[in-house]
Amino acid sequence: QQPGENIFNETRDGIGFSFDEKSPDCLLLPYHGVLEFDYIQTKALPDDAEAASDEVRDSLMRLLKPLDLEARLTILESVSWSYTFQLRQLGQFCDMFPAGQERVRALALLFGQVVEQSGLHLECSR
């Protein structure tokens, strides 16, 4: 399992709150109300995983660029499991999407495929 949180966008009855996965109280759930959240499953890459070359990245970006945002996400979802990426490549793919839900979805698709975990949180927060 990758370090970090897997639960995002937490709400209880439509009101946002922070769910601390590391807290011993995280299993104490409310008795009433609607709890909603997004969950991203992360799996550690093998230690010897190598990132895709810039040529592969360039080919994927050329494939994605003429497509609308939803088609880009669909293609990215189907190919992302076949490649691993450098941190800077993650940023370059995310830059193909405007700020908002499409960018968050692109980030979620590629998050577990990044070989350089150091600094990943900074890339995700930009």
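Visitor: Which residues of α2 are buried?
Guide: The buried residues of α2 are R72, L73, L76 and S80, where buried means under 20% relative accessible area, exposed over 50% and partly exposed in between, with a 1.4 Å probe and protein chains only. They cover an arc of only 95° around the axis, which puts them on the same side of α2; the arc is that of the directions from the helix axis to the C-beta atoms. This is a predicted model, in which local features need pLDDT of at least 70 and side-chain atom pairs count only at pLDDT 80 or more, while totals for chains, interfaces and linings use all residues. Residues are numbered from 1 along each chain as its sequence is written, and side-chain values use heavy atoms, with hydrogens and water left out.

Visitor: And what do those buried residues of α2 pack against?
Guide: They pack against α1 (54–64), α3 (87–94) and α4 (101–110), contact meaning heavy atoms within 4.5 Å. Helices (H or I, at least four residues) and strands (E, at least two) are DSSP runs, numbered from the N terminus.

Visitor: How far apart are the end C-alpha atoms of α2?
Guide: The end C-alpha atoms of α2 (residues 69–80) are 16 Å apart, which agrees with the 16 Å that its 12 residues should span at 1.5 Å a residue, the expected span being 1.5 Å times one less than the number of residues. At the start of this helix, a side-chain oxygen of D68 comes within 3.1 Å of the backbone nitrogen of E70.

Visitor: At what angle do α1 and α2 pack?
Guide: The angle is about 150°, and the axes lie 10 Å apart; axes are lines fitted to C-alpha atoms, for helices over the stretch in contact, with angles from 0 to 180 degrees between N-to-C directions. From α1 the contact is made by L60, L63 and L64, and from α2 by R72, I75, L76 and V79.

Visitor: What is that contact like by class?
Guide: It has 6 nonpolar, no polar and 1 charged residues, with Ala, Val, Leu, Ile, Met, Phe, Trp, Tyr, Cys and Pro counted as nonpolar, Asp, Glu, Lys and Arg as charged, and the others, Gly among them, as polar.

Visitor: Which residues of α1 are buried, then?
Guide: R57, L60 and L64 are the buried residues of α1, and seen down the axis they fall within an arc of 65°, so they line one face of the helix. The elements that cover them include α2 and α3, while the face turned away from the buried side carries the exposed residues E55 and R62.

Visitor: Where does D13 lie?
Guide: D13 lies in the loop between β1 and β2 (15–16), and D13 is partly exposed, with a relative accessible area of 47%. Its phi is near 55°, a positive value in a residue other than glycine, whereas most residues other than glycine have a negative phi.

Visitor: To finish, how many helices and strands does the whole chain have?
Guide: The protein chain has 5 helices and 3 strands, which run β-β-β-α-α-α-α-α from the N terminus on. Of its 126 residues, 29% count as buried.

Definitions and conventions: A polar contact is a pair of N or O atoms within 3.5 Å; within protein, one must be able to donate a hydrogen and the other to accept it, and residues adjacent in sequence count only if both atoms are side-chain atoms.
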